[in-house]
Amino acid sequence: MRQVDRGNYVLSKSEAYLDSPQSIEYGATISAPHMHAHAAEILLPFLRPGARVLDIGSGSGYLSAVFHHLVSSEQQKGKVVGIEHIPQLVEWSIKNLGKDGLQHALDDNEIVMLAGDGRLGYPDGGPYDAIHVGAAAPVLPQLLVDQLTRPGRMFIPVGEYMQDVVQVDKHEDGRITSKRLFGVMYVPLTDREKQTM
């Protein structure tokens with residue numbers, strides 16, 4: 001996180017370093033830094049050089065940048081796929097990543113930012129060692145579980161009114177286990193029309 005300047009990924013530079021969520025328009029937010037730290041820490045055992053990561057609800061691109069620094073080294077390049085259903089946010093996130101010195105990673109397809117329905121994941125880029133979901137799903141989406149490697153891990157807020165972050169592990173033998181970690185308040189994982197109403 002020290003390698004990524006949050007000031008390049010927010011609308012209000014004066015509030016960039018406050019430990020609070022901020023609006024990035026279109027009904028979307030960038031999470032508070034402590035939540036991004038929680039997500040990275042929970043996924044960390046799977047964020048090694050060469051790993052593949054899916055960042056659903058990638059928003060301004062901030063956490064995709066953090067993941068890139070964790071999965072790409074001089075010796076081994078990983079891949080981060082960010083998926084966001086608001087095309088304007090995808091365009092903005094690409095500009096933000098460029099401002100933050102990651103144009104080379106975009107050019108080399110080490111970071112790929114796409115417009116699409118995150119609830120479906122992105123099977124073409126998988127399977128993924130780690131999946132981060134930055135919005136709350138009403139129930140655990142099986143389509144995303146299917147896109148995890150064996151072993152692999154997902155960080156996902158689950159619930160409609162009362163939400164919990166759930167750590168989902170797919171083990172080498174294909175078994176799925178899940179563990180509720182802590183309560184949160186995230187925007188819902190939804191479609192573009194509902195989000196911008």
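First, the ground rules. The model is predicted, so local features need pLDDT of at least 70, side-chain atom pairs count only at pLDDT 80 or more, and totals for chains, interfaces and linings use all residues. Residues are numbered from 1 along each chain as its sequence is written, and side-chain values use heavy atoms, with hydrogens and water left out.

Start with the sheet. Helices (H or I, at least four residues) and strands (E, at least two) are DSSP runs, numbered from the N terminus. Seven strands make an open, mixed sheet, ordered E5-E4-E3-E6-E7-E8-E9. Strands pair if DSSP finds at least two bridges between them. Which strands stand at the edges? E5 and E9 (176–184) do; each has a single partner strand, so one side of each has no neighbour in the sheet. Neighbouring strands are turned by 15° against each other on average, direction ignored.

Now one pair up close. E3 (residues 52–56) and E4 (residues 79–84) run parallel over five bridges. Asp55 has Gly82 in E4 as its bridge partner.

Two helices pack on this sheet. H1 touches E6, E7, E8 (163–170) and E9, and its direction makes about 155° with that of E7. H2 touches E3, E4, E5 and E6, at about 165° to the direction of E4. Axes here are lines fitted to C-alpha atoms, for helices over the stretch in contact, with angles from 0 to 180 degrees between N-to-C directions. Contact means heavy atoms within 4.5 Å.

On to the cores. A nonpolar core is a set of buried Ala, Val, Leu, Ile, Met, Phe, Trp, Tyr and Cys residues joined through side-chain atoms within 4.5 Å. Buried is under 20% relative accessible area, exposed over 50%, partly exposed in between (1.4 Å probe, protein chains only). The largest core holds 38 residues, and Tyr9, Leu97 and Phe155 have the most contacts inside it. H2 gives the largest share, six residues. Leaving aside neighbours within four places in sequence, Phe155 contacts residues including Met35, Ile131, Val165 and Tyr186.

Last, the backbone. Where are the cis peptide bonds? One joins Gly126 and Pro127, with Pro127 in the loop between E5 (111–115) and E6 (128–133). Another joins Arg150 and Pro151; Pro151 sits in E7 (residues 148–158). Tyr26 has a positive phi, near 60°, and is partly exposed at 32%. Asn109 also has phi near 60°, and is partly exposed at 44%.
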